[in-house]
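Subject: Structure for your review

Dear colleague,

Please find below the structure that I am handing over to you. My findings follow it, and I would ask you to read them with the structure open.

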Amino acid sequence: MEVLIRPSSESAARLTAEIAAKAIHEKPSLVLGLATGRTMESVYGILAGMHREDGLDFSQTRTFNLDEYIGLSTDHENSYRYYMNHHLFDKVNVRQENTHLPDGTAADIDAECAAYEERIKACGGIDFQLLGIGQSGHIGFNEPLSAMFSRTRPKALAPATIRQNAPQFPSPELMPRRAITMGVGTILDARRCILLATGAGKAEIIAKAVEGPVTSMISATALQLHPKCTIIVDEDAAASLENKEYYRWIFENEPEWQEFH
Ligand code: F6R
């Protein structure tokens, strides 16, 4: 795992988008894992701009989202399918049939979860996974005590997640209490993971996720076990990290990051 600290939320989102764009350039048929949430909105805005202005080509890209609320149809304004169409898919040339989210209205949720895993496998696995982190320490909706080897499955949302996301619903009680999420094991199978966190509200959980002990109480700590995981934070989200000077040195000096200066 490595940590890159950028001065602002805008520059952190830009770096994330530039790394993703490079991966798409290098492999146009990239299998791209996607997250939703407020943090990712700016990343998708930048990627849409790169498509519009520089011709970033999504025509062969395959996408798999991390999660979807159980009970929300694809045209529901709070569904993650709606979010993805609105923030990215409708603004780039990705083919709708190449975009995948779990179906939160499936009659048989367990069968839908198993089928989702199969669809990922049939595409050759996820090459590049974008992640955010929740107040509960979740990645996807892997709430506390999610097994490190867990696969796509239904999960009850933690109180911290309900507090975090309920304000996005017309009224808090309309927020579903369950979601389908890729498992921690599914995420760890991705060939590369990039987690973006911005803002002071994420400082404490980022410090636990990056520098704390690996524990299923904080699913993001599982990323410490991943062979190629980059955590991108702005100064506010980095505030509680102990080894900031080392992380700053890495971005300034490691050859891999020079082209992003
Ligand atoms: C949603 C997801 C979540 C979010 C996390 C952060 O698809 O994967 O793990 O990334 O809850 O959400 P924001 O960015 O709204 O703070």
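Is C123 buried, partly exposed or exposed? With a relative accessible area of 22%, C123 is partly exposed. Please keep in mind throughout that this is a predicted model.

**Cysteines**

C229 has a relative accessible area of 4% and is therefore buried, since buried means under 20%. The number of disulfides in the structure is 0.

**The largest pocket**

The volume of the largest pocket is about 350 Å³. Helix 2 (38-54) and helix 5 (159-165) are the elements that each give two or more residues to its lining. In total, 20 residues line the pocket, and those nearest its centre are T36, G37, I133, Q164 and K202.

**The ligand**

Which residues come nearest to the ligand? There are 15 residues around the ligand, and T36, T39, D67, H138 and K202 come nearest. Some individual distances can also be given. An N or O atom in the side chain of T39 is 2.5 Å from an oxygen atom of the ligand. For R38, the atom concerned is a backbone N or O atom, which lies 2.8 Å from a ligand oxygen atom. In G140, too, a backbone N or O atom is found 2.8 Å from an oxygen atom of the ligand.

**H100**

Where does H100 lie? H100 belongs to strand 5, which covers residues 99-100. Its relative accessibility is 13%, so H100 counts as buried. Along the chain, H100 and G125 are 25 residues apart, and their C-alpha atoms are separated by 13 Å.

Yours sincerely,
A colleague

How values were computed
Residues numbered from 1 in each chain as written. Predicted model: local features only at pLDDT ≥ 70, side-chain atom pairs only at ≥ 80, totals over all residues. Heavy atoms only, no water. Disulfide = S-S within 2.5 Å. Buried < 20%, exposed > 50% of the residue type's maximum accessible area, 1.4 Å probe, protein only. 1 Å grid on protein atoms, 1.4 Å probe; cavity = no way out; pocket = protein on both sides within 12 Å on 5 of 7 lines; lining within 4 Å. Points joined across faces, edges and corners; volume = space filled by probe spheres on them. Helix = DSSP H or I, 4+ residues; strand = E, 2+ residues; numbered from the N terminus. Near = heavy atom within 4 Å. Polar contact = N/O pair within 3.5 Å; in protein donor to acceptor, adjacent residues only side chain to side chain.
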